[in-house]
Amino acid sequence: MAYEGNVSASVPEWLNKGDNAWQMISATLVGLQSVPGLVILYGSIVKKKWAVNSAFMALYAFAAVILCWVTWAYKMSFGHRLLPFWGKAGPALGQKFLISQSKLPATVHYFSDGVSVETPAIEPWYPAATMVWFQCVFAAITLILLAGAVLGRMNFKAWMMFVPLWLTFSYTVGAFSLWGGGFLFHWGVMDYSGGYVIHLSSGIAGFTAAYWVGPREKKDRERFPPNNVLLMLAGAGLLWMGWAGFNGGDPYAANTDSSMAVLNTNICAATSLLVWTWLDVIFFNKPSVIGAVQGMITGLVCITPGAGLVQGWAAIIMGVMSGSVPWFTMMILDKRWKLFTKVDDTLGVFHTHAVAGLLGGLLTGLFAEPQLCSLFLPVTNSRGGVYGGSGGMQIAKQLVGGLFIIGWNLVVTSIICVVIKAVMPLRMPEDHLLIGDDAVHGEEAYALWGDGEKYDVTRHEVYYSDDTSQPRQYPSSGATQVV
């Protein structure tokens with residue numbers, strides 16, 4: 001009994017108020033990473049003419065995922081098993097389900113005899129409504145991270161189709177397979193908080209979508225400066241601090257492992273940021289603020305699959321690796337490998353999320369500490385490679401799990417893009433690409449014309465376009481035009 005003598009209809013005996021409060025706070029922190037965190041980050045790190053479009057792609061995805069999640073996708077990810085990699089679809093909207101104790105029914109883990117229970121089903125001490133919302137914000141941020149690869153040219157209407165399709169046919173598969181009781185979960189593949197489910201999948205899917213959508217306008221690829229570096233740092237700060245909920249909430253309780261995960265997260269992120277900056281100084285003689293943000297992100301991504309499974313010294317090593325390996329792929333290989341030069345990955349999502357996510361998963365298989373593993377994983381006696389025993393096999397499991405996520409996302413994302421392309425163009429028309437936000441949305445990020453003056457096209461012709469030789473084709477409209 002969680003609370004003796006204080007049981008009521010709204011405080012059942014199974015409810016732990018501390019766990020419930022922490023889980024809801026964690027969900028809110030992850031939500032803040034997206035809105036306003038990545039909305040601000042995307043809106044400020046891109047060229048001025050794409051600020052509104054980039055921010056709105058993130059905001060739209062967040063809203064669309066919520067509705068899809070509670071209507072069918074939650075139970076596909078954390079419900080009863082349909083296939084070894086997929087749960088049965090169903091709504092998570094009824095009061096009877098939502099106020100009952102949370103339970104992930106497919107997570108009962110049996111010994112090899114298939115009869116004796118090795119680890120019971122995950123059944124946290126709070127209502128299903130808390131679990132539904134916590135997992136929802138993870139699904140939402142995955143789509144938003146993916147969007148970073150196609151900013152500055154994807155047809156917004158195509159994005160509106162892409163979000164529910166990818167959530168349904170890609171995200172739910174990874175989530176069920178690794179977290180909800182699928183075959184990788186029961187095989188013992190370690191993904192503490194989404195190094196594979198979220199980051200590897202969004203990186204691979206983003207890169208694949210970028211291939212199908214096509215590149216930005218030539219001038220945008222050649223010159224794409226951020227429109228507001230300081231605001232970009234504000235978005236990055238929300239992303240970093242929000243990661244306390246991202247990794248700290250995944251033990252599904254306010255416990256010792258949660259504390260370990262939060263500390264390791266910050267150790268790895270700080271180390272990675274410093275290493276990335278040092279490499280920028282050594283090789284380019286300039287400490288880049290954008291580079292520091294990239295290093296911060298790769299550190300956060302790398303520690304995610306092992307946040308509560310590795311010791312502090314291992315988190316430092318993972319930070320060194322996450323600050324150097326993705327730096328090498330982004331700053332060196334990206335300019336030399338033909339595939340990278342052909343595919344226009346706007347924010348380098350492949351490097352910051354796919355490379356860092358896979359790297360973190362493999363390093364988790366190397367450094368996962370046995371005692372910490374026993375606090376979280378369904379397979380008893382799990383351990384990393386440096387601890388001997390079954391640790392060598394764990395690295396192989398991590399590799400296979402990563403390859404499954406890579407393969408699935410390559411194929412499914414390609415199919416989704418081809419299907420959408422048959423209905424509408426994936427890429428904006430050339431005249432929209434030339435002008436940007438004003439052509440696509442009729443709005444601009446910095447549409448200021450004076451001290452309370454009404455917009456007058458004859459006096460306030462300051463729209464953004466790379467082509468100054470052509471007359472304005474899209475007159476300004478909307479609330480932003482009256483300041």
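Asn285 is exposed, since its relative accessible area is 64%, where exposed means over 50%, buried under 20% and partly exposed in between, using a 1.4 Å probe and protein chains only. The model is a predicted one, in which local features need pLDDT of at least 70 and side-chain atom pairs count only at pLDDT 80 or more, while totals for chains, interfaces and linings use all residues. Residues are numbered from 1 along each chain as its sequence is written, and side-chain values use heavy atoms, with hydrogens and water left out.

**Overall form**

- The protein has 18 helices and four strands, these being DSSP runs numbered from the N terminus, with helices (H or I) of at least four residues and strands (E) of at least two.
- The radius of gyration of the protein is 23 Å, which agrees with the value near 23 Å for a compact globule of 483 residues; this radius is taken over C-alpha atoms, and the globule rule is 2.2 Å times the number of residues to the power 0.38.
- Along the principal axes, the C-alpha atoms of the protein fill a box of roughly 75 × 55 × 45 Å.
- Of the 483 residues in the protein, 57% are buried.

**Backbone geometry**

- Most residues other than glycine have a negative phi, and most peptide bonds are trans.
- Asn285, in the loop between H10 and helix H11 (289-303), has a positive phi near 65° although the residue is not glycine.
- Tyr252 also has a positive phi, near 65°, and lies in the loop between helix H9 (229-248) and helix H10 (256-284), where Tyr252 counts as buried at 9% relative accessibility.
- The peptide bond from Val35 to Pro36 is cis, with omega near 15°, and Pro36 lies in helix H1 (residues 17-45).

**Two buried sites**

- Ser54, in helix H2 (residues 51-78), counts as buried at 0% relative accessibility, and the side chain of Ser54 reaches the backbone oxygen of Trp50 at 2.8 Å.
- Not counting residues up to four places away in sequence, Ser54 touches Tyr42, Val46 and Leu151, a contact being heavy atoms within 4.5 Å.
- Gly384 is found in the loop between helix H15 (370-374) and helix H16 (391-423), and Gly384 is buried, with a relative accessible area of 0%.
- Leaving aside neighbours within four places in sequence, Gly384 is in contact with Gly365, Leu366, Phe367, Ala368 and Gly391, while the C-alpha atoms of Gly384 and Ile395, 11 residues apart along the chain, are separated by 7.3 Å.

Definitions and conventions:
A polar contact is a pair of N or O atoms within 3.5 Å; within protein, one must be able to donate a hydrogen and the other to accept it, and residues adjacent in sequence count only if both atoms are side-chain atoms.
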